[in-house]
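Please open the structure in a viewer and keep the selection tool at hand.

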Amino acid sequence: MRRTVVLGALGSVMLFLGSLGVGWLASVSALRRIPLIMWMRFETPGVVVAIVLLALGSMLLVRQWLRLGQELRPWGPESARWVLIAIGAWAAPMLVSIPLFSRDVYSYIGQGRVMAGGLNPYESGVSAIDNFFQLGADQLWAESPPPYGPVFLWLEQLVVMLTGANPDACVLLFRALCVVAVLACMWVIPRLARLHGVNPRRALWLSVANPLFLTNFVVAAHNDAVMLALALLGTYAASVQRNWKGGLLGTTLVTLSVAIKPITLVFLPFVGLLWAGRNASWPRKFAVWALTLAYAVVLLGVMGLINGFGFGWVSAVSTPGSVYIWYAPIGLLGLFAQLVGSSWGLNGSAWMHAVHSLGTALAALTTVALMFVGRDARILRRLAWAMAAFVLLAPIIQAWYVVWLIPLFAVTGIRPDWQTDVLFFITGFFTVYAVADQLDVFPYLDLDLITARVISALLALTYGVYLWVLDPATRRVRRRRSAAPGRAVVL
């Protein structure tokens with residue numbers, strides 16, 4: 001066990017060192033003047049070293065996460081200690097890493113400056129402030145409204161005010177918020193698992209110890225960490241006390257989550273089912289659904305009244321676009337529709353948008369069906385599938401979208417058979433994709449960005465194939481089905 005934890009920590013340290021060379025760093029950051037970082041960012045050999053460290057370190061972390069799960073079976077009480085030690089050891093180097101796998105944290109800084117300047121971020125993009133690009137924000141956000149609710153806008157403003165918009169200090173403070181959220185997830189996930197008869201130690205390993213969870217919520221400092229923590233806490237509150245007290249507290253917490261990112265609106269009807277109580281009649285369910293919705297709308301309305309922006313975030317998140325990614329089924333289908341429509345002399349973009357809208361409509365219909373169909377004991381599993389519908393039927397699937405789903409499925413049961421195989425494959429796939437896609441490479445080197453991505457992808461993919469096919473410890477991930485703790489029937 002010590003060897004597994006130490007090797008995982010080594011992978012995390014390699015990831016940290018790689019971030020010095022190819023992590024996202026603001027142009028005005030004082031870190032750029034450190035000699036080691038200068039060599040790793042502005043000299044071709046240094047960049048190559050950083051790429052190798054990042055790719056191999058990330059995949060080493062994936063391997064040790066899987067080995068940890070193999071070595072801790074049958075998940076007795078003593079395994080909790082090792083899961084917690086592993087999470088702490090693997091997350092520690094990430095606390096001081098330069099942001100990797102996403103540069104959204106710098107957009108948070110820009111939006112916080114917009115707020116601090118007294119502007120409406122839903123009407124004024126980050127380009128409305130001076131030197132926004134120097135502070136690391138992606139040009140994609142230059143004129144785009146933030147898809148975030150009022151609570152996170154206030155948090156962005158608070159961070160900027162406390163740090164004076166210093167990008168390095170802002171990153172650390174946003175990361176601190178995410179670490180608090182991760183700690184909240186570590187508290188609530190085992191408790192939700194116990195409520196569903198699932199081994200809490202295994203659920204914690206599947207979710208929080210997962211490299212996707214740690215890299216997206218700690219290294220990248222995504223606000224999804226805060227969003228997910230509030231949603232899970234609200235769901236737990238409604239699950240423990242299935243009455244008006246638990247329902248009111250659960251709805252409040254989930255609504256605060258919606259005020260971070262609106263996707264957790266999907267949680268509300270299922271929290272309403274928990275609030276209605278066991279074996280509730282349909283009239284009671286409809287009454288509680290109406291009460292849940294009304295209370296959430298009032299709470300969000302009060303927030304909009306306080307910040308003066310009203311429900312401006314609704315139009316910001318509902319603006320149609322043509323963004324897609326090749327591995328998302330709806331995204332690929334939308335691209336095909338665009339090509340066909342354009343080849344026929346029609347509006348190909350409209351065809352793509354129609355496909356994307358169809359995917360959203362199917363996800364909404366799936367959620368409605370899951371509200372009405374299924375056993376009371378499976379409410380959280382139904383919620384997991386509803387969220388999965390919105391993720392899988394979206395034109396773009398980011399790694400942190402998948403992280404929304406992992407805790408929900410983990411606390412309701414991921415069997416130690418093909419289901420664990422699927423999670424292992426997903427974790428490996430998105431890790432390989434992230435280390436190849438999200439690299440900040442200085443443009444005036446002998447090594448261009450495309451070459452850097454190819455090197456990183458080949459290294460990570462080779463390591464992944466080795467884990468899946470050749471590594472004697474990990475190639476046979478599938479375990480025979482048993483009545484071991486953690487098994488659950490998939491709805």
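The model is a predicted one.

**Helices H15 and H16**

Select residues 329-343, helix H15, together with residues 348-372, helix H16. The two axes come within 7 Å and cross at roughly 150 degrees. Since angles over 145 degrees count as roughly antiparallel, H15 and H16 are therefore roughly antiparallel to each other. The crossing of H15 with H16 is right-handed. To inspect the contact, display Ile330, Gly331, Leu333, Gly334, Leu335, Ala337, Gln338, Val340, Gly341 and Ser342 on the H15 side, and Gly348, Ser349, Trp351, Met352, Val355, His356 and Gly359 on the H16 side. By class, this contact of H15 with H16 comprises 8 nonpolar and 9 polar residues, with no charged ones.

**Helices H10 and H18**

Next, select H10, residues 224-240, and H18, residues 399-412. Their axes cross at roughly 25 degrees and come within 11 Å. With the limit for roughly parallel set at under 35 degrees, H10 is therefore roughly parallel to H18. The contact involves Asp224, Met227, Leu228 and Leu232 from H10, and Trp400, Val403, Trp404, Pro407 and Leu408 from H18. Of the residues in the contact of H10 with H18, 8 are nonpolar, none is polar and 1 is charged. H10 and H18 pass each other in a right-handed crossing.

**Ser257 in helix H11**

Ser257 belongs to helix H11, residues 244-258. Is Ser257 buried or exposed? Ser257 has a relative accessible area of 0% and is buried.

**The nonpolar cores**

Now select Trp90, Val208 and Phe270, the residues with the most contacts inside the largest nonpolar core, which has 147 residues. Helix H3, residues 44-72, supplies the largest share of this core, 14 residues. Around Phe270, display Thr367, Leu370, Met371, Ile379, Arg382, Leu383 and Ala386; Phe270 touches these residues, leaving out those up to four places away in sequence. Another core, of 6 residues, lies apart from the largest one and includes Val114, Ile129, Phe132 and Ala137.

**Tyr463 and its partners**

Select Tyr463 in helix H20, residues 449-470. Which residues does Tyr463 contact, leaving aside its neighbours within four places in sequence? They are Leu56, Met59, Leu60 and Arg63. Tyr463 and Leu56 are 407 residues apart along the chain, yet their C-alpha atoms are separated by 7.4 Å. At a relative accessibility of 18%, Tyr463 counts as buried, because the limit for that class is under 20%.

**Backbone features in two loops**

Most residues other than glycine have a negative phi, and most peptide bonds are trans. Against that background, select Arg73 and Pro74, which are joined by a cis peptide bond with omega about 10 degrees. Pro74 lies in the loop between H3 and helix H4. Trp75 is found in the loop between H3 and H4 as well. The phi of Trp75 is positive, near 65 degrees, and Trp75 counts as buried at 5% relative accessibility.

Ala221 is not a glycine, but has a positive phi of about 55 degrees. With 1% relative accessibility, Ala221 counts as buried.

Terms used: Residues are numbered from 1 along each chain as its sequence is written. This is a predicted model: local features need pLDDT of at least 70, side-chain atom pairs count only at pLDDT 80 or more; totals for chains, interfaces and linings use all residues. Side-chain values use heavy atoms; hydrogens and water are left out. Axes are lines fitted to C-alpha atoms, for helices over the stretch in contact, and angles run from 0 to 180 degrees between N-to-C directions. Helices (H or I, at least four residues) and strands (E, at least two) are DSSP runs, numbered from the N terminus. Angles under 35 degrees count as roughly parallel, over 145 as roughly antiparallel, 65 to 115 as roughly perpendicular and the rest as oblique. A crossing is left-handed if the near helix is turned anticlockwise from the far one by less than a right angle, and right-handed if clockwise. Contact means heavy atoms within 4.5 Å. Ala, Val, Leu, Ile, Met, Phe, Trp, Tyr, Cys and Pro count as nonpolar, Asp, Glu, Lys and Arg as charged, and the others, Gly among them, as polar. A nonpolar core is a set of buried Ala, Val, Leu, Ile, Met, Phe, Trp, Tyr and Cys residues joined through side-chain atoms within 4.5 Å. Buried means under 20% relative accessible area, exposed over 50%, partly exposed in between (1.4 Å probe, protein chains only).
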